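Please keep both in view while reading the points below.

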Amino acid sequence: MPSSLPLPLAGLPVRRLTRDDLVPCADLCEDRGWPRDEHRWGLLLAAGVGFGIDSPDGKGLMATCVTTSYGPRLTAIGMLLVAGRYARQGVARHLMHQVIESTGGAPLSLYATASGRPLYEKFGFAEVGRTERMSGHFRPTAGPGSPDAVAGSDVEVRPGLTVRPASAGDLQAMLRLDADAFGLDRTHLLARLPAFADHLRVAEEGGELVGYAALWPSSGSHAVGPLIARDTATAKLLVSSLADATDRPLRADIDARHKELLGWLGKRGLQPGSGTTVMSLGERQPGDWTQRFAPLSVATG
C-alpha cells in the first residue's frame, strides 16, 4: 500500500549506489514484481552509475536509477524503480530530475514501460522506436545430432557462414562491428561480457566477423543480448546456437522493426509479452538499427 503521508521530496537525499547495495537493489526489483537479477545489477553498477534514495523507514531502498554513459553523445537511463509503498508520491519524478542533471546535458535514451512513459514525456522524451519481449522454450526443428539441429530447417545457412564460441582474440573485431551498429564505443560494457555471460558466440563469414550475441542468466531463464548481426539470417543462427546451449527458457527484447526475426522466434516457441517504447531526449542515437536486433539489457540502452 502507498504511504498515506506526502513525502518531503526536497529533503530526500540521492546517493550513489555501490556493490554493497546489490541485495537492496534486488529486493526493490522483487517488490515491483521484477526478477531480482543481482547478476545484472552487478554489471550495471560496474559499467555505469547507480543512484538511490534510502527509505525513511530504514527498510532498504525507496528508489533506484542507473545511467550508462557512452561519452558526450549518449547516456542510457534504466532501472527507475520506486518501492510500492512510496508509489505515486512524486519520488520517481524527483529522482529522475536529479539523474538528468547528473548527465551534463548529454543526449539521453531509455526503454519505457507503459506505466513509465507518461513521466518521461513530461521531461521531454519522445518515442523513437519500440521493442517486443519474446520469451519461452526455444524449439529447434530438427532432432539432436542431425546436421540441422542447431540452425533449424528455416534458417538460411550460407556457405562460409559459421557460428562458434567467442575467444579473447575476438574482442577487437566485436568492438568494431558493435561500433558500426550502435554508433558509439561500448568497450567499457562489452569488455565485461565474457565474465557476465554464460555463453558468448560470434558469427564469421569469409574470414570476417559479422555478428555476435551473448546469453546471460536472469532468474530462471536466459536472456539473449546483445544481439548484433549484419542480417537476419546471421541473427537467427546466433540465437539458435545460444538456444542449443541451455535448457532454460529464453528471453529477448527484439527491436520491433525486425519483423522477420520476431515471426521466426514465434515459430520456434517464444511468445510475445510486454513491449517497451524506446525514447530519447536530445539527438537520436547514431548507428545502424538494421544491425541492432536486441540490446544487452533495456537498462543499458
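In strand β9, Y212 is the bridge partner of V202. The model described here is predicted.

- Strand β8 covers residues 199–205 and pairs with strand β7, residues 161–165, in the antiparallel sense over five bridges.
- Within this pairing, R164 has V202 of β8 as its bridge partner.
- Strand β9, residues 208–218, also runs antiparallel to β8, and seven bridges join these two strands.
- V202 therefore takes part in both pairings, since strands are counted as paired when at least two bridges link them, with R164 as one partner and Y212 of β9 as another.
- A hairpin is formed by β8 and β9, with two residues between them.
- In the turn of this hairpin, G206 has a positive phi of about 60°.

- Strand β6 and strand β12 run antiparallel and are joined by eight bridges.
- In this pairing, A126 stands opposite S280 of β12.
- Strand β6 also pairs with β11, in the antiparallel sense and over six bridges.
- Here T131 is found opposite D255 of β11.

**Salt bridges**

- Side chains of opposite charge can pair when their charged atoms come close.
- How many salt bridges does a search of the whole structure find? The search finds 18.
- One of them joins D54 and R15, whose closest N and O atoms are 2.8 Å apart.
- D54 belongs to strand β2 (residues 49–54) and R15 to strand β1 (residues 15–16), so this pair ties together parts that are 39 residues apart in sequence.
- D54 is partly exposed, at 38% relative accessible area, and R15 is also partly exposed, at 29%.
- Another salt bridge is formed by R133 and D253, with 2.8 Å between the closest N and O atoms.
- This pair links distant parts of the chain, as R133 lies in strand β6 (residues 126–136) and D253 in strand β11 (residues 250–255), 120 residues apart.
- Are these two partners buried or exposed? R133 is partly exposed, with a relative accessible area of 25%, whereas D253, at 8%, counts as buried because the cut-off for buried is under 20%.
- K236 and E260 form a further salt bridge, in which the closest N and O atoms are 3.2 Å apart.
- K236 is buried, with a relative accessible area of 8%.

**Helix α1**

- Helix α1 spans residues 22–31, and its residues L22, C25, A26, L28 and C29 are buried.
- Why do these residues lie on the same side of α1? They cover an arc of only 155° around the axis, which puts them on the same side of the helix.
- The buried residues of α1 pack against α2 (38–47), β3 (61–69) and β4 (75–82).
- After α1 comes G33, which has a positive phi near 80°.

**Cavities**

- Two cavities of 30 Å³ or more are found in a search of the whole structure.
- The largest cavity holds about 60 Å³ of space.
- Its lining includes R40, W216 and P295, together with R133 and D253, the two residues that form a salt bridge with each other.
- β10 (221–229) and β11 are the elements that give two or more residues to the lining of this largest cavity.
- β11 gives the most to that lining, with three residues.

**The largest pocket**

- The largest pocket holds about 1100 Å³ of space.
- It is lined by 40 residues, and the closest to its centre are W34, L80, T113, S115 and G116.
- At least two residues of the lining come from each of several elements, including α3 (91–102), β5 (108–112), α4 (117–122) and β12 (271–281).
- Which element supplies the largest share of the lining of the largest pocket? Strand β4 does, with six residues.

Notes. Residues numbered from 1 in each chain as written. Predicted model: local features only at pLDDT ≥ 70, side-chain atom pairs only at ≥ 80, totals over all residues. Heavy atoms only, no water. Helix = DSSP H or I, 4+ residues; strand = E, 2+ residues; numbered from the N terminus. Salt bridge = Lys/Arg side-chain N within 4 Å of Asp/Glu carboxyl O. Buried < 20%, exposed > 50% of the residue type's maximum accessible area, 1.4 Å probe, protein only. Arc of directions from axis to C-beta. Contact = heavy atoms within 4.5 Å. 1 Å grid on protein atoms, 1.4 Å probe; cavity = no way out; pocket = protein on both sides within 12 Å on 5 of 7 lines; lining within 4 Å. Points joined across faces, edges and corners; volume = space filled by probe spheres on them.
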